[in-house]
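Subject: Structure handover

Hello,

Here is the structure I promised to pass on. My notes follow below it.

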Amino acid sequence: MTSQVFYRKWRPLSFKELAGQEPVAATLRQAVNLGRVAHSYLFCGPRGTGKTTTARIVAKAVNCLDLQDGDPCNKCQVCETINGGQFMDI
């Protein structure tokens, strides 16, 4: 049995699950939905505000094979690989 750090075990898997970052999540979801994702994003802020989590959701949404209104589906092969920590590019 492997142990997992608390923040990785309970990490949100979609923009809908992000807490406290609703304006950012809505903007990024719309960008993904319209196919207008910028070539880079700069996430900055104090520790524990969701920078890495948001970046992982954006990366998953960009690579997802079956987007659900800008959110990753979490059911396709790419999403399952990312959620399992086996996707080499994330």
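At 56% relative accessibility, Asp-69 counts as exposed, because the cut-off for that class is over 50%. Please keep in mind that this is a predicted model.

**The loop between α3 and α4**

Asp-69 sits in the loop between α3 and α4. Its phi is positive, about 55°, although Asp-69 is not a glycine. Asn-74 is found in that loop too. Asn-74 also has a positive phi, about 60°, and is not a glycine either.

Asp-71 is another matter. At 3% relative accessibility, Asp-71 counts as buried, since buried means under 20%.

**The salt bridge**

How many salt bridges does a search of the whole structure find? The search gives 1. The side chains involved are those of Arg-29 and Asp-71, at 3.7 Å from N to O. Arg-29 belongs to helix α2 and Asp-71 to the loop between α3 and α4 (77-83), so the pair ties together parts that are 42 residues apart in sequence.

**Helix α2**

Helix α2 covers residues 22-34. Its 13 residues should span 18 Å at 1.5 Å a residue, and the end C-alpha atoms are 18 Å apart, so the two values agree. Which residues of α2 are buried? They are Ala-25, Leu-28, Ala-31 and Val-32. These residues cover an arc of only 130° around the axis, which means that they are on the same side of α2. The spacing fits the general rule. An α-helix has 3.6 residues a turn, so residues three or four places apart point the same way.

The other side of α2 has exposed residues: Pro-23, Thr-27 and Leu-34. What covers the buried residues of α2 includes α3 (51-63). Just after α2, Gly-35 takes a positive phi of about 75°.

**Helix α3**

Now for α3. Its 13 residues should span 18 Å at 1.5 Å a residue; the end C-alpha atoms are 19 Å apart, which agrees. The buried residues of α3 are Thr-53, Thr-54, Ile-57, Val-58, Lys-60 and Ala-61. Seen down the helix axis, they fall within an arc of 165°, so they line one face of α3. What do the buried residues of α3 pack against? Their partners are α2 and α4.

**The segment before α1**

Val-5, Phe-6 and Trp-10 make a nonpolar surface patch of about 390 Å². Val-5 is found in the segment before α1 (6-9). Is Val-5 buried, exposed or partly exposed? At 42% relative accessibility, Val-5 counts as partly exposed, because that class lies between the 20% and 50% cut-offs.

**A pair across the sequence**

One more item. Gly-20 is in the loop between α1 and α2. Gly-20 has 59% relative accessibility and so counts as exposed. Gly-20 and Thr-49 are 29 residues apart in sequence, yet their C-alpha atoms are 8.4 Å apart in space.

**To check on screen**

Start with the Arg-29 and Asp-71 salt bridge. Then look at α3 and the buried side of α2, since α3 is among the elements that cover those residues. Finish with the positive phi values at Asp-69 and Asn-74.

Best regards

Methods: Residues are numbered from 1 along each chain as its sequence is written. This is a predicted model: local features need pLDDT of at least 70, side-chain atom pairs count only at pLDDT 80 or more; totals for chains, interfaces and linings use all residues. Side-chain values use heavy atoms; hydrogens and water are left out. Helices (H or I, at least four residues) and strands (E, at least two) are DSSP runs, numbered from the N terminus. The expected span of a helix is 1.5 Å times one less than its number of residues. Buried means under 20% relative accessible area, exposed over 50%, partly exposed in between (1.4 Å probe, protein chains only). The arc is that of the directions from the helix axis to the C-beta atoms. Contact means heavy atoms within 4.5 Å. Patches are made of residues with over 30% relative accessible area and no salt bridge: like charges are joined within 9 Å, nonpolar side chains (Val, Leu, Ile, Met, Phe, Trp, Tyr) within 5 Å. Accessible areas come from the Shrake-Rupley method with a 1.4 Å probe; for residues, only the protein chains shown count as cover. A salt bridge is a side-chain nitrogen of Lys or Arg within 4 Å of a carboxyl oxygen of Asp or Glu.
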